[in-house]
Amino acid sequence: MKRLLVISLLSVVALSFKANAEPLVWDTPAGRIGLPFESTEALIGYDAVLKQAIGGFSLPVYTTPKDILHFHVGAVAPWQSNGPTVEPYLGAGHDFAREIPILADYKSVHLNVFGRYAAHQGKAGVGISFSYSFVK
């Protein structure tokens, strides 16, 4: 009886870990919403307002129904700063990986318009960024 109880308890724990490992993504009539961590992208860009290059990571959190526009959240850092700085990033872009055959090796390649807040300067910036993911 104790063995059966232990085996059932271990199987419940194992199944719960499997359920928690699933990506948090929901397909709705309004588009795909969620946190697909397997779609994390590296990004580089240029902030036209603050005149800084940026680099960081982003995650697509909303995709329109026809897969035309993707909205991203992320964290970036300016390349020419005097200290360690991590800033919030919000972007919207289009995935070109499915439209251009030479980009077929990439999981996604986005051209984005973004906004960020530079807390150390007390200013917001906007610009264009390029984000990509190599993973298939």
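Predicted model: local features only at pLDDT ≥ 70, side-chain atom pairs only at ≥ 80, totals over all residues.

Colleague: What makes Arg 98 "exposed"?

Modeller: The label needs over 50% relative accessible area. Arg 98 comes in at 59%, so it gets called exposed.

Colleague: And why is Asp 67 called partly exposed?

Modeller: Its relative accessibility is 26%. Buried means under 20% and exposed means over 50%, so 26% falls in between and Asp 67 is partly exposed.

Colleague: How do you know that Asp 67 and Arg 98 form a salt bridge?

Modeller: Their closest N and O atoms are 3.8 Å apart. The cut-off is 4 Å, between a side-chain nitrogen of Lys or Arg and a carboxyl oxygen of Asp or Glu, so the pair qualifies. The two sit in distant parts of the chain, 31 residues apart: Asp 67 is in the loop between strand 4 and strand 5, and Arg 98 is in the loop between strand 6 and strand 7.

Colleague: Which other salt bridge does Arg 98 form?

Modeller: One with Asp 95, where the closest N and O atoms are 2.4 Å apart. Asp 95 has a relative accessible area of 4%, so it is buried. Asp 95 also has a bridge partner in strand 7, namely His 110.

Colleague: How many salt bridges are there by this rule?

Modeller: Five. Another of them joins the side chains of Asp 47 and Arg 116, at 2.7 Å from N to O. Asp 47 is in strand 3 and Arg 116 in strand 7, so this pair ties together parts that are 69 residues apart in sequence.

Colleague: Are those two buried or exposed?

Modeller: Buried means under 20%. Asp 47 is at 0%, so it counts as buried, and Arg 116 is at 4%, so it is buried as well. There's also a network of salt bridges here, linking Asp 47, Glu 87 and Arg 116.

Colleague: Why is His 94 called buried?

Modeller: Its relative accessible area is 19%. The label applies under 20%, so His 94 is buried. You'll find His 94 in strand 6, which covers residues 87-95.

Colleague: What makes His 94 and Glu 99 a polar contact?

Modeller: Their side chains are joined at 2.6 Å, and the limit for N or O atoms is 3.5 Å, so the pair passes on distance. Leaving out residues up to four places away in sequence, His 94 touches several others, including Asp 67, Val 109 and His 110.

Colleague: How do you know that strand 6 pairs with strand 7?

Modeller: Pairing takes at least two bridges. Strand 6 and strand 7 have seven, in the antiparallel sense, so they pair. Strand 5 and strand 6 also run antiparallel, joined by seven bridges. One example is His 72, whose bridge partner in strand 6 is Gly 91.

Colleague: Last one: which residues form the nonpolar patch on the surface?

Modeller: Leu 24, Trp 26, Leu 35 and Phe 37, with about 420 Å² of accessible area together. Phe 37 is in the loop between strand 2 and strand 3.

Technical notes
Residues numbered from 1 in each chain as written. Heavy atoms only, no water. Helix = DSSP H or I, 4+ residues; strand = E, 2+ residues; numbered from the N terminus. Buried < 20%, exposed > 50% of the residue type's maximum accessible area, 1.4 Å probe, protein only. Polar contact = N/O pair within 3.5 Å; in protein donor to acceptor, adjacent residues only side chain to side chain. Contact = heavy atoms within 4.5 Å. Patch = residues over 30% accessible without salt bridge, like charges linked within 9 Å, V, L, I, M, F, W, Y side chains within 5 Å. Areas by Shrake-Rupley, 256 points an atom, 1.4 Å probe, with all protein chains shown as cover.
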